[in-house]
Structures are given as C-alpha cells and as structure tokens.
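Here is a friendly tour of some packing details in this model. Have the viewer open and follow along.

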Amino acid sequence: MTSSLQLSLVSHTNVGKTTLARTLLGRDVGEVRDAPHVTEFADAYEMLRTPQGESLRLWDTPGFGDSVRLQRRLAASGQPVGWFLSQVWDRFADRAFWCSQQAMRAARESADVVLYVVNATEEPATAGYIEPELHILDWLGKPALVLLNQVGTRLDAAHERQLIAEWSAVLQRHDATGKRRVMTFDAFARCWLQEHALLDAIAGCLDARQRPAFERIVEAWRGRDLDV
C-alpha cells in the first residue's frame, strides 16, 4: 500500500515562501518577484518518492493578504473556515481574499503538516499580520511548524536562541500545549543540516499511523544526500 504525506507552505504575502519552496524542492517552481500575491494558485510538487512508493508532496500556496480584515471576517462566523471556503470571491475585485481562500483550502483539505513561514527580521509583537494569521492557524486545526525565514547565513547561536524564544512566546498565546515548534530555516541557504532538522520536526507532528511511511521517506532523503 502506498501513501502520500502532504506539507503546505503558508505565509503572509511576499515573505519568501516560494523561494523556500524552490530551496526544498531543489528546482525552480512558481514565480519570485518583490510584489504581493505573485503566487495566485495552490500547486503541489513531489519532493521525493521512496522505492516502496510513498511520496512527500509540498504545496506552494498564495500568501495571505489583508490578514486583519480576514481574521475579522472569519471571527464573525460560527464556522469560520467552512464558511470562508464556501464563499465565492472575485479574483480581480477582491484579490487578497481570493488568494487567502486558495491558501486556506489547500491547507485545510490536503495538508498533514502546515509550514508557516515568517520574516524573522520583523518583531513578532509589532508585525500586524502575525496575530491574525496565528488565529487562522488555530481555525485550520492542523499540526504546524513556524519557520523563521530571512535569518541570513551568519546567525550566531545566541541570536538564534533569542529569536526562537521571542517567537515561541508569541505562539504560546495561541498554543498553550506547546506542540507548535519554532525553528530557523533560511530560504536562501540550502543546508542539509537544516533540512534534516526540518524532517525531524515534521516527524514530531505526525501521528503513529503516519510515522512508518515518513521514516522511509526520511531514510530515502538522507540516502539521496549521501549519494550527492
């Protein structure tokens, strides 16, 4: 029996999500420009397939636009995500909401684990989009990892610990159980150690039923690295 594990990249618009997708996939996908809503559709890409037939797939999704307005609109509904996905938004007249809908649909319907990408150069307490988007993660109800992007290649250990502590404190207001992990992952610095740490973190988000297949995926991933 074959199985597929799905990861969904979500973020505010224009924080490097598609660049991160390219880094993880090792090939050019999507379009990268310094502009909001460059990615308009949710697309899935195969990252790896094991000899046994299991596959790991990555969804690159549109970025969230007006997150504050989005959160308010969702909060007004008793079934926020279900209501939002049932609406018909005009791609051109209300592009921010239309893109947000595509991202939420991919995460809700397909993702086993959500990878929420944030710009680590911004202060989590003052970036106005962070709190609304954490509420959106709450409503999606999926296991999630927070990836601190744009940290650069010369981040020392003390600064990294400080960054993770600051973002973890913000997360605790939404995730009292502490199940959501924060880690650094720079989209521009392809590093096997980073990738293996990410795989280990993803494994911690999966249930017992999913782990045997994911262990074979991790084994194939590391074998591929050794071959290279």
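Helix α2 (residues 67-75) packs against helix α5 (residues 130-140) at an angle of about 40°, and their axes are 8 Å apart. That angle makes α2 oblique to α5, since angles under 35 degrees count as roughly parallel, over 145 as roughly antiparallel, 65 to 115 as roughly perpendicular and the rest as oblique. Axes here are lines fitted to C-alpha atoms, for helices over the stretch in contact, with angles running from 0 to 180 degrees between N-to-C directions. Helices are DSSP runs (H or I, at least four residues), numbered from the N terminus.

The crossing of α2 past α5 is left-handed, meaning that the near helix is turned anticlockwise from the far one by less than a right angle. On the α2 side, the contact (heavy atoms within 4.5 Å) is made by Ser 67, Val 68, Leu 70, Gln 71, Leu 74 and Ala 75. Their partners on α5 are Pro 132, Glu 133, His 135, Ile 136 and Trp 139.

## How the model was read

This is a predicted model, in which local features need pLDDT of at least 70 and side-chain atom pairs count only at pLDDT 80 or more, while totals for chains, interfaces and linings use all residues. Residues are numbered from 1 along each chain as its sequence is written, and side-chain values use heavy atoms, with hydrogens and water left out.

## Aromatic rings

Rings of Phe, Tyr and Trp (its six-membered ring) pair if their centres lie within 6.5 Å; planes under 30 degrees apart count as stacked, over 60 as edge-to-face and the rest as tilted. By this rule there are five aromatic pairs. In one of them, Trp 83 and Trp 89 have ring centres 6.4 Å apart and planes at 80°, so the pair is edge-to-face. Phe 84 and Trp 89, with centres 5.6 Å apart and planes at 40°, form a tilted pair.

Ring pairs join Trp 83, Phe 84, Trp 89 and Phe 97 into a cluster. Phe 84 is buried at 0% relative accessibility and Trp 89 is buried at 15%, whereas Trp 83 is partly exposed at 25%. Buried means under 20% relative accessible area, exposed over 50% and partly exposed in between (1.4 Å probe, protein chains only).

## Charges over rings

Phe 97 also has the charged end of Arg 69 over its ring, 4.1 Å from the centre. For Arg, this requires CZ within 6 Å of the ring centre and within 35 degrees of the ring normal (for Lys, NZ). Likewise, the charged end of Arg 224 sits over the ring of Trp 221, 4.7 Å from its centre.

Notes: Helices (H or I, at least four residues) and strands (E, at least two) are DSSP runs, numbered from the N terminus.
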